[in-house]
Amino acid sequence: MTIAIVVAICIVLLIVAFLAPRLSRYPERGVEKTYGTGGRAAGKAPGPLGRWLRKPFDSANKWTRKSASAGRRGRGKL
């Protein structure tokens, strides 16, 4: 379920970044804030558990950044 949500967010950001490259920065930052908040909360767990719980948030954030960047690059090549 969570993977499907992250994939849907990536697809939406890709489309928005392709259609409106400058305006896509705002939704991208909002998604990064959300992942950052979740990652910080998960990272408060003690020891290695905190790093392990934070990793999915970091990975999802990386995927959304790459997706939005790809949309802007695609628009630039057009």
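In which hand do α1 and α2 cross? The crossing of these two helices is left-handed, a crossing being left-handed if the near helix is turned anticlockwise from the far one by less than a right angle, and right-handed if clockwise. The structure is a predicted model, in which local features need pLDDT of at least 70 and side-chain atom pairs count only at pLDDT 80 or more, whereas totals for chains, interfaces and linings use all residues. Residues are numbered from 1 along each chain as its sequence is written, and side-chain values use heavy atoms, with hydrogens and water left out.

The protein contains three helices and zero strands, and its elements run α-α-α from the N terminus on; helices (H or I, at least four residues) and strands (E, at least two) are DSSP runs, numbered from the N terminus. The C-alpha trace spans about 50 × 20 × 15 Å along its principal axes. Of the 78 residues, 27% count as buried, where buried means under 20% relative accessible area, exposed over 50% and partly exposed in between, with a 1.4 Å probe and protein chains only. Among the contacts in the protein with a separation of 6 or more, 67% come from residues 24 or more positions apart, contact meaning heavy atoms within 4.5 Å.

The packing of α1 and α2 has an angle of about 160°, with the axes 10 Å apart; axes are lines fitted to C-alpha atoms, for helices over the stretch in contact, and angles run from 0 to 180 degrees between N-to-C directions. The two helices are therefore roughly antiparallel to each other, given that angles under 35 degrees count as roughly parallel, over 145 as roughly antiparallel, 65 to 115 as roughly perpendicular and the rest as oblique. On the α1 side the contact is made by V6, I9 and L13, and on the α2 side by P27, E28, V31 and Y35. These residues divide into six nonpolar, no polar and one charged, under a scheme in which Ala, Val, Leu, Ile, Met, Phe, Trp, Tyr, Cys and Pro count as nonpolar, Asp, Glu, Lys and Arg as charged, and the others, Gly among them, as polar.

Helix α1 (residues 2-19) also packs with α3, at an angle of about 25° and with the axes 7 Å apart. The helices α1 and α3 are therefore roughly parallel to each other, and their crossing is right-handed. Among the residues that meet are V6, I9, L13 and A17 in α1 and A60, W63, A68 and R72 in α3. By class, the contact of α1 with α3 has 13 nonpolar, four polar and two charged residues.

The remaining pair is formed by helix α2 (residues 25-42) and α3, whose axes come within 8 Å and cross at roughly 170°. That angle makes α2 roughly antiparallel to α3.

R72 lies in helix α3 (residues 48-77) and counts as buried because its relative accessibility is 16%. Not counting residues up to four places away in sequence, R72 touches A17, P21, S24, R25 and E28. The side chains of R72 and S24 are joined by a polar contact of 2.8 Å, a polar contact being a pair of N or O atoms within 3.5 Å; within protein, one must be able to donate a hydrogen and the other to accept it, and residues adjacent in sequence count only if both atoms are side-chain atoms.

P21 lies in the loop between α1 and α2 and, at 26% relative accessibility, counts as partly exposed. With residues up to four places away in sequence not counted, P21 touches V16, R72 and R75. The C-alpha atoms of P21 and S69 are separated by 9.1 Å, although these residues are 48 residues apart along the chain.

Elsewhere in helix α3, K55 counts as exposed at 56% relative accessibility, and its C-alpha atom is separated by 21 Å from that of L13, 42 residues apart along the chain. R51, also found in helix α3, is exposed with a relative accessible area of 58%. The C-alpha atoms of R51 and G39, 12 residues apart along the chain, are separated by 9.2 Å.
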